[in-house]
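Here are my notes on this one, point by point. Have the coordinates open while you read.

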Amino acid sequence: MKYTSFLIKYGEIGVKGKNRYKFEDALMKQIRIALKPLSCDFRVSRELGRIYVDADDDCYDDEDVIDALCRVFGIVAVCPVVRIESKDFENLKKAVIEYFDRAYPDKAVSFKVDTKRADKSYEKTSEQLNALLGEAILETFCETRVDVHKPDVLIKVEIRNHINIYSLSLPGPGGMPVGTNGKAMLLLSGGIDSPVAGYMIAKRGVKIEAVYFHAPPYTSERAKIKVIELARTMARYTGVINLNIINFTDIQLYIYEKCPHDELTIIMRRYMMKIAQQIAKTNGDLALITGESVGQVASQTVHSLAVTDNVCEMPVFRPLIGFDKQEIITVAQKIGTFETSIEPYEDCCTIFVAKHPVTKPQLEKILESEKKLSEKIDDLIKSAVDTKERILCSAK
């Protein structure tokens, strides 16, 4: 059965009071963006707490439409729906029978009819409609049976300005529409964690930009391509990501030359945060995002995170802070980044990791070590920022 209409249900947006229309507008905008690659004409409209997507022609595949909609933050459910304009009961009964016949070729199923009346002026009550429509299905298809507790098929009928008939409710990602909560800069590596962190913050309505620190020749061109692929996979959910690629080699080598090796990871991380923050401020971003989880590696102990945060003037969002690795992997697999993340291409951090990195760094000692960098570090940072590469990463 091919559907021409899709009912979009949202969650949190419904409690936004007088500002709800702004969030509905943002959600409708994101829906249009998500459907644009399908090269088909879709109308997106709203009515009394419902958003609808209607197809104007037949040049699309249902599964492609549903797949695109189920990646839009703000949507909690996508329901392929039959919409009828006439509210005449006989017309409704005929439409419900036709829907059941087309949607369920195997009639040996149990069912239940669940009617909701947004239009309370309708001539019959919800209970009456449930009974009458259920009776019509039973009389037409003798193999069926009613089960009001655990039906195989739950047919929903909504009486509104028109009538909706549907039985499928496919889960969306939930959250808030991208762009309703400002912009933030993601420190994106080729690992498992940072793409998941970006996904989770974008789910709260934040528009994502990203920065990647590349260290040729110690990291290959394939490592860079891997990060671009991750950004494109994330863009299926977040929308287009502006990826800033920083050549970090000279800065890393200078730190390696001047600073104690057990402090390399934490000092390099501090300079990454400084550079990311500088680019973020220029782009109008309001926060940084990282994929750090407490205790996962030496640079992610509470002591290390405190020393890292010392260089930050803007908020740092760490949505994975309390996750264990398996929880992070589960989300990565869900959003499609895991297989790319585990490809064997090193990022710039792993190349310069000390054998025994400090796990409880003291800020005073780190600041003292960084004084050894004062001769050249500012010029190196300026050169890295001035020569950055910018790539717009669209959905893969």
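1. On naming: helices (H or I, at least four residues) and strands (E, at least two) are DSSP runs, numbered from the N terminus. This is a predicted model, with local features needing pLDDT of at least 70, side-chain atom pairs counted only at pLDDT 80 or more, and totals for chains, interfaces and linings using all residues. Residues are numbered from 1 along each chain as its sequence is written, and side-chain values use heavy atoms, leaving out hydrogens and water.

2. Have a look at the loop between β11 (207–214) and α6, where Pro-217 sits. Pro-216 and Pro-217 are joined by a cis peptide bond, with omega about 0 degrees. For context, most peptide bonds are trans.

3. Next, a helix pair. Helix α1 (residues 20–35) and helix α2 (residues 62–69) have axes that come within 9 Å and cross at roughly 135 degrees (axes are lines fitted to C-alpha atoms, for helices over the stretch in contact, and angles run from 0 to 180 degrees between N-to-C directions). α1 and α2 are therefore oblique to each other (under 35 degrees is roughly parallel, over 145 roughly antiparallel, 65 to 115 roughly perpendicular, and the rest oblique). On the α1 side, Ile-31, Ala-34 and Leu-35 meet Val-65, Ala-68 and Leu-69 of α2; contact means heavy atoms within 4.5 Å. The residues of this α1 and α2 contact divide into six nonpolar, no polar and no charged (Ala, Val, Leu, Ile, Met, Phe, Trp, Tyr, Cys and Pro count as nonpolar, Asp, Glu, Lys and Arg as charged, and the others, Gly among them, as polar).

4. The other pair is helix α7 (residues 249–258) with helix α14 (residues 377–386), packed at an angle of about 160 degrees with axes 9 Å apart. α7 and α14 are therefore roughly antiparallel. Asp-250, Ile-251 and Tyr-254 of α7 make the contact with Ile-377, Leu-380, Ile-381 and Ala-384 of α14. By class, the α7 and α14 contact has six nonpolar, no polar and one charged.

5. What lines the second largest pocket? There are 25 lining residues, and Ile-33, Ala-34, Ala-235, Arg-236 and Gly-239 lie nearest its centre. (On a 1 Å grid over the protein atoms alone, a pocket is an open set of points where a 1.4 Å probe fits, with protein on both sides within 12 Å along at least five of seven lines; lining residues have an atom within 4 Å of a point.) α1 gives the largest share of that lining, five residues. The lining comprises 13 nonpolar, five polar and seven charged residues.
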